[in-house]
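Welcome! Please take a moment with the sequence and the 3D view below, and then read on for a short tour.

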Amino acid sequence: MQVFDYEDIQLVPNKCIVKSRSEIDTKIKFGPMTFKIPVVPANMQTIIDEALAVWLAQNDYFYIMHRFNEEERLPFVKRMHQRGLFASISVGVKSKEYQLVDALAKSHLVPEYITIDIAHGHADTVIEMIHYLKKKLPGTFVIAGNVGTPEGVRELENAGADATKVGIGPGKACITKLKTGFGTGGWQLAAVRLCSKAASKPIIADGGIRYNGDIAKSIRFGASMCMIGSLFAGHEETPGDVIEKDGQKYKVYYGSASQYQKGQYKNVEGKKLLVPYRGKIADTLKEMREDLQSSISYAGGKELSALRKVDYVIVKNSIFNGDQI
């Protein structure tokens with residue numbers, strides 16, 4: 001198996017066919033809706049809250065609300081729909097989650113998107129939840145994950161998932177690979193490639209993206225959407241307080257399976273980081289879009305699909321030629 005990660009790959013340029021990068025279209029149709037860029041902030045408590053979800057939806061960006069304020073999810077769907085915005089929530093697989101699905105169905109509140117958000121998503125419990133969602137809320141676009149193998153993708157798709165999320169522990173705040181010995185940390189991009197070859201529906205590349213150019217690489221290897229945590233942490237709009245340390249501003253960022261999220265030290269697979277304060281999220285999203293437009297111009301096209309056809313080379317960690325960014 002050919003194994004590589006984002007820093008091991010360089011995409012090979014094609015002839016540019018546009019006069020200006022502003023001509024280039026970065027939009028992606030994902031499920032029932034079309035979004036400005038193929039990027040979604042991670043559904044983590046230190047990344048997304050309701051105020052940011054509203055802003056993202058109003059500005060044609062995809063979002064997935066986290067599942068950690070359990071009782072707030074039904075009212076959240078209601079409030080989003082009252083504002084004329086799409087609702088996108090996360091669920092787990094415990095029995096209480098089935099009660100939430102029943103309550104949504106009873107209230108005729110059908111979120112446009114529901115993500116089954118489990119660290120190890122290639123599981124009977126996830127397949128059962130997919131079946132239940134499809135039965136009770138047939139109008140919902142169901143994203144299921146996380147998986148790291150073609151078999152996982154096929155099983156979740158066959159169960160009825162409309163998209164799968166690929167990535168087992170490659171994220172910056174995730175220590176699954178260290179705690180368990182399992183995961184796609186260090187070969188996440190190769191996992192995206194393998195899984196996309198098996199997929200007949202969209203996949204989300206989740207984790208391991210450290211630079212904007214990694215978005216283009218994810219698309220090249222078959223992702224329809226990229227879920228990003230650490231690059232979105234630390235913004236003015238992301239939850240949490242600003243901390244000053246040695247004259248620098250930071251915000252706290254921690255993994256969903258960390259003790260800070262769980263409130264106890266049990267089955268911990270996440271850690272807590274301080275990330276530099278980054279200002280407004282709108283500026284980061286604008287930069288991501290502009291960098292993606294540049295990527296597409298290098299690919300010799302005018303839209304995202306051009307990235308899927310480019311050649312690549314494996315450079316094995318020499319991408320920075322010894323430079324540290």
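Of the 35 residues that line it, Tyr211, Asn212, Gly213, Asp214 and Lys217 are the closest to its centre. This is a predicted model, in which local features need pLDDT of at least 70 and side-chain atom pairs count only at pLDDT 80 or more, while totals for chains, interfaces and linings use all residues. Residues are numbered from 1 along each chain as its sequence is written, and side-chain values use heavy atoms, leaving out hydrogens and water.

**More on the pocket**

- A pocket here is an open set of points on a 1 Å grid over the protein atoms alone, where a 1.4 Å probe fits, with protein on both sides within 12 Å along at least five of seven lines; lining residues have an atom within 4 Å of a point.
- Strand 1 (9-11), helix 8 (213-220) and helix 10 (281-298) are the elements that give two or more residues to the lining of the second largest pocket. Helices (H or I, at least four residues) and strands (E, at least two) are DSSP runs, numbered from the N terminus.
- Helix 10 provides the largest share of that lining, with 7 residues.
- Sorted by class, the lining of the second largest pocket has 16 nonpolar, 10 polar and 9 charged residues. Ala, Val, Leu, Ile, Met, Phe, Trp, Tyr, Cys and Pro count as nonpolar, Asp, Glu, Lys and Arg as charged, and the others, Gly among them, as polar.

- Helix 7 is mostly covered, with 8 of its 11 residues buried; buried means under 20% relative accessible area, exposed over 50%, and partly exposed in between (1.4 Å probe, protein chains only).
- The buried residues of helix 7 include Leu189, Val192 and Cys195.
- Among the elements that cover the buried residues of helix 7 are strand 1, helix 5, strand 8, strand 9 (203-206) and helix 8; contact means heavy atoms within 4.5 Å.
- In helix 5 (residues 150-159), the buried residues are Pro150, Gly152, Val153, Leu156, Glu157 and Ala159.
- The cover over the buried residues of helix 5 includes helix 4 (124-136), strand 7 (141-147), strand 8 (163-166) and helix 7 (188-198).
- Just after helix 5 comes Gly160, with a positive phi of about 120°.

**Helices 1 and 2**

- Helix 1 (residues 50-58) packs with helix 2 (residues 73-82) at an angle of about 35°, and their axes are 12 Å apart. Axes are lines fitted to C-alpha atoms, for helices over the stretch in contact, and angles run from 0 to 180 degrees between N-to-C directions.
- Glu50, Ala53, Val54 and Ala57 of helix 1 meet Phe76, Arg79 and Met80 of helix 2 in this contact.
- Ala51 is also placed in helix 1, and counts as exposed because its relative accessibility is 58%.

- Most residues other than glycine have a negative phi, and most peptide bonds are trans.
- His108, in the loop between helix 3 (95-106) and strand 6 (113-117), has a positive phi near 55°.
- Asp246 also has a positive phi near 55°, and sits in the loop between strand 11 (242-245) and strand 12 (248-254).
- Gly145 and Asn146 are joined by a cis peptide bond, with omega about 5°.
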